[in-house]
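Me: Could you take a close look at the surroundings of the ligand for me, and then walk me outward from there?

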Amino acid sequence: MTSHLKKVELHCHLEGAAPPALTEAQAQKYNTDISAYLRDGTYVWHDFASFLECYDKVSEVYKTDEDYALLTETYLQELAGIGTIYSELIVSPDHGDRIGLGADAYIAGICEGIRQAKAKSGIEARLIVTGERHFGPERVIAAAKYAAKADNPLITGFNLAGEERMGRVADYAQAFDIARDAGLGLTIHAGEVCGAFSVSDALDVVRPSRIGHGVRAIEDADLVRRLADLGTVLEVCPGSNIALNVFPDFASHPLRKFKETGVRVTISSDDPPFFHTSLKREYELAADAFGFSDKEINELTRTGIEAAFVDEKTRMALL
Ligand code: HPA
Ligand code: ZN
């Protein structure tokens, strides 16, 4: 039972949180046949590449700033309903551009959703702008420039997501330089689909305070020690890892091992309905599958607040 515990989430892709029923309604509203990607209330994909394709197709039925406000408010209110006080949403201006909405209206709609949710439940949220590797380095640089110039107090971080097997981290170094110079918090998907080398590349090239997933660092004991020494925070998404077959089952998942080795870890849901999970379930798994006590789960939450890309006044209020 974790319903009484305060929760935070650092790693959730906004379109990846779209409830299937809402996506179905959106598809009907726009007369779009989405049956290849959403059937019987379930998103349809079978491996990481087809998941990314499904994600991009689902995103296409969210077309206006109002659609994005509704999606954002719906997800944040779901989080607030389970005791979540803080959420970072990974958003991709490319998705706004791809549907012809444009990045500004895309972000404006999302920010409106954040305001609505905060007014109703008090939940705090911030945005991490992401580039998607499979859209290519030029688009990732454009996303970083957008985030750097946005001058929007809710945009506090920059990320790199998408097809991890595409290129090496060095191909995206310039984008992270732009984001770092703008004072944004840095995190990067690494060590999810690719092995430990991807995590050491990320540390060498990006020097991020956090890593999205990072779990395959477990394949290299020296790297695990390096993560612990640096204090790098891993945004661990156990349900996502099992759904994508990064590990065969929770018994072989390294979350507990990382924590016991002194690596700073947090828990998140990544793309919850795509991976048949939710933040509520991730907290339950922490107790039931990983055997963490309430005290240990509260430590995960506290690490999340300490590592949040948020101003110090808000951080203190969350702690
Ligand atoms: N992993 C990597 N890239 C992504 C994801 C994810 O879970 N969701 C959207 N882009
Ligand atoms: Zn992710």
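Reply: Happy to. By class, the shell around ligand 1 holds 2 nonpolar, 4 polar and 2 charged residues; here Ala, Val, Leu, Ile, Met, Phe, Trp, Tyr, Cys and Pro count as nonpolar, Asp, Glu, Lys and Arg as charged, and the others, Gly among them, as polar. This is a predicted model, in which local features need pLDDT of at least 70 and side-chain atom pairs count only at pLDDT 80 or more, while totals for chains, interfaces and linings use all residues. Residues are numbered from 1 along each chain as its sequence is written, and chains are lettered from A and ligands numbered from 1 in the order in which they are written.

The shell around ligand 1 consists of His 13, Gly 16, Tyr 55, Ala 161, Gly 162, His 189, Asp 270 and Asp 271 (a residue belongs here if its C-beta atom, placed from the backbone, lies within 6 Å of the ligand).

Next, the helix pair. Helix α8 (residues 196-206) and helix α9 (residues 221-230) pack at an angle of about 35 degrees, and their axes are 11 Å apart. Helices are DSSP runs of H or I with at least four residues, strands are runs of E with at least two, and both are numbered from the N terminus. Axes are lines fitted to C-alpha atoms, for helices over the stretch in contact, with angles running from 0 to 180 degrees between N-to-C directions. From α8, Ala 196, Val 199, Ser 200 and Leu 203 meet Leu 223, Arg 226 and Leu 230 of α9, contact being C-beta atoms, placed from the backbone, within 7 Å. The residues of this contact divide into 5 nonpolar, 1 polar and 1 charged.

Arg 207 sits in the loop between α8 and β8 (210-213). Its phi is near 50 degrees, a positive value in a residue other than glycine. Arg 207 counts as exposed because 12 other C-beta atoms lie within 10 Å; the cut-offs are 20 or more for buried, 12 or fewer for exposed and partly exposed in between, with C-beta atoms placed from the backbone. Asn 245, in the loop between α10 (238-243) and α11 (255-260), also is not a glycine and has a positive phi of about 65 degrees. Asn 245 has 9 C-beta neighbours inside 10 Å, so it is exposed.

Finally, Gly 291 lies in the loop between α12 (279-288) and α13 (294-307). Gly 291 and Leu 203 are 88 residues apart in sequence and 30 Å apart in space, C-alpha to C-alpha.

Definitions and conventions:
Two residues are in contact if their C-beta atoms, placed from the backbone, lie within 7 Å.
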